[in-house]
Amino acid sequence: MPEGPELHLASQFVNEACGALVFGGCVEKSSVSRNPEVPFESSAYRISALARGKELRLILSPLPGAQPPQEPLALVFRFGMSGSFQLVPCEELPRHAHLRFYTAPPGPRLALCFVDVRRFGHWDLGGKWQPGRGPCVLQQYEQFRENVLRNLADKAFDRPICEALLDQRFFNGIGNYLRAEILYRLKIPPFEKARSVLEALQQRRPSPKLTLSQKIKAKLQNPDLLELCHSVPKEVVQLGGKGYGSESGEEDFAAFRAWLRCYGMPGMSSLQDRHGRTIWFQCPAGRKSHKKKSKATQLSPEDTVEDPSRPSKALSRTRRAKRDLPERTATQRPEGTSLQQDPEVPTVPKKGRRSGRQAASGHRRPRKVKADTPSLEPEGTSAS
């Protein structure tokens, strides 16, 4: 799914592709989208964009003398699982173009489209960033670092570091592939307690005897986790293209695929965190790789933080059979407005669990087998 770099690249695309264009008329929404209508009409206006973390602000600015008189309007987009912007000829609108901005005559008529195949993307009127999101890891590094280190007492940091990295209150812009690449480079076990990993950074201070150039060199040679949360997304932006997106074009996508070191790579291990998100990591040398062959996969103490309040699976299954009630998993709880896990990711029941009615009747539905390795082939929409 699109992460901070993809939103940043999307804003660059909009500014570069639309900078010289004049748009006109109404903003058109598809009939199937559940997002709000955009009450904007102008005979001549321009479009610009700004990204912050996993959000993008689109600004519609009427030109002088445009009719009817209209104040500028801003919308904030969250791309969900497959959102992107595309500029296409009007007669070639993409199938899943859910919001469309048309250019004004003269000249060939074009449409800037928000394309979202899976329809988890969202836009809000008013232009305000979503409350609760922390500073952007790409563009607000100093504020981002301060926000994390100042709040280490928060219960979010009681969780494994791989889960804390998806908390958008503190790591705005970090998603699944970025967390895997960051932890891999530092050889940090993904299920290490987040606070244990980050507390040491509070004491990290460069020697006052070092010159400025020596301090910069030391930081580049030995970056810490928070520095990598800034520099690794920056590397994706510097690749050019559109980052992680399955319709980026083979050339763009090949560059991103070659950049990956851990996420979905052969030889890497993968497990699910408690929210059902797959975390990729390198298994320590001399130990067998943990592959998700079944839900009965056992983790060693180095891989996970044990939850003493959670009963064993065998016991819970026995109780469910007796009570004829389904178990309610963490991924089935209502999301609300929490940013503690990536809010764009839809929550789904865990695979392989039977409901109480099915368990009582003794009938099983055929199990659907879903590939564990994320597809790196073009099949969907681009990220920008």
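Visitor: Which residue in strand 7 is the bridge partner of Lys29?
Guide: First, a heads-up: this is a predicted model, in which local features need pLDDT of at least 70, side-chain atom pairs count only at pLDDT 80 or more, and totals for chains, interfaces and linings use all residues. Residues are numbered from 1 along each chain as its sequence is written, and side-chain values use heavy atoms, with hydrogens and water left out. Strands (E, at least two residues) and helices (H or I, at least four) are DSSP runs numbered from the N terminus. In strand 7, the bridge from Lys29 goes to Leu99.

Visitor: And how many bridges join strand 2 to strand 7?
Guide: Two strands pair if DSSP finds at least two bridges between them. Strand 2 covers residues 28-29 and runs antiparallel to strand 7. The bridge count between strand 2 and strand 7 is 2.

Visitor: In what order do the strands of that open sheet of 4 come?
Guide: On its other flank, strand 7 is joined to strand 8 (residues 110-116) by 5 antiparallel bridges, with Phe101 partnered by Leu112. Strand 2 and strand 6 (83-89) have a single partner strand each, so they stand at the edges with one side left without a neighbour in the sheet. Read across, the order is 2-7-8-6.

Visitor: How many residues of strand 7 are buried?
Guide: Buried means under 20% relative accessible area, exposed over 50% and partly exposed in between, using a 1.4 Å probe and protein chains only. Strand 7 spans residues 97-102 and is largely enclosed by the rest of the structure. The buried count is 6 of the 6.

Visitor: Which strands of the open sheet of 5 stand at the edges?
Guide: Here the pairing is antiparallel, in the order 1-3-4-5-9. Going from one strand to the next, the twist averages 35°; axes are lines fitted to C-alpha atoms, for helices over the stretch in contact, and angles run from 0 to 180 degrees between N-to-C directions. With a single partner strand each, and so one side left without a neighbour in the sheet, the edge strands are strand 1 (23-26) and strand 9.

Visitor: What angle does helix 1 make with strand 3?
Guide: Helix 1 (residues 4-18) touches strand 6 and strand 8 of the 2-7-8-6 sheet, contact meaning heavy atoms within 4.5 Å. Helix 1 also packs on the sheet that holds strand 3, touching strand 1, strand 3 and strand 4. With strand 6 its direction makes about 15°, and with strand 3 about 150°.

Visitor: Which residue of strand 9 is the bridge partner of Leu75?
Guide: In strand 5, Leu73, Leu75 and Phe77 point one way, while Ala74, Val76 and Arg78 point the other way, and all are buried. Strand 5 has 5 antiparallel bridges with strand 4 (residues 55-62), including the one between Ile59 and Ala74. It also pairs with strand 9 over 4 antiparallel bridges. There, the partner of Leu75 is Leu125.

Visitor: Which residue's side chain makes a 3.2 Å polar contact with that of Asn172?
Guide: Asn172 sits in the loop between helix 3 (161-164) and helix 4 (176-186), and it is buried with a relative accessible area of 0%. A polar contact is a pair of N or O atoms within 3.5 Å; within protein, one must be able to donate a hydrogen and the other to accept it, and residues adjacent in sequence count only if both atoms are side-chain atoms. A polar atom of the Asn172 side chain lies 3.3 Å from the backbone nitrogen of Lys54. The side-chain partner at 3.2 Å is Arg133.
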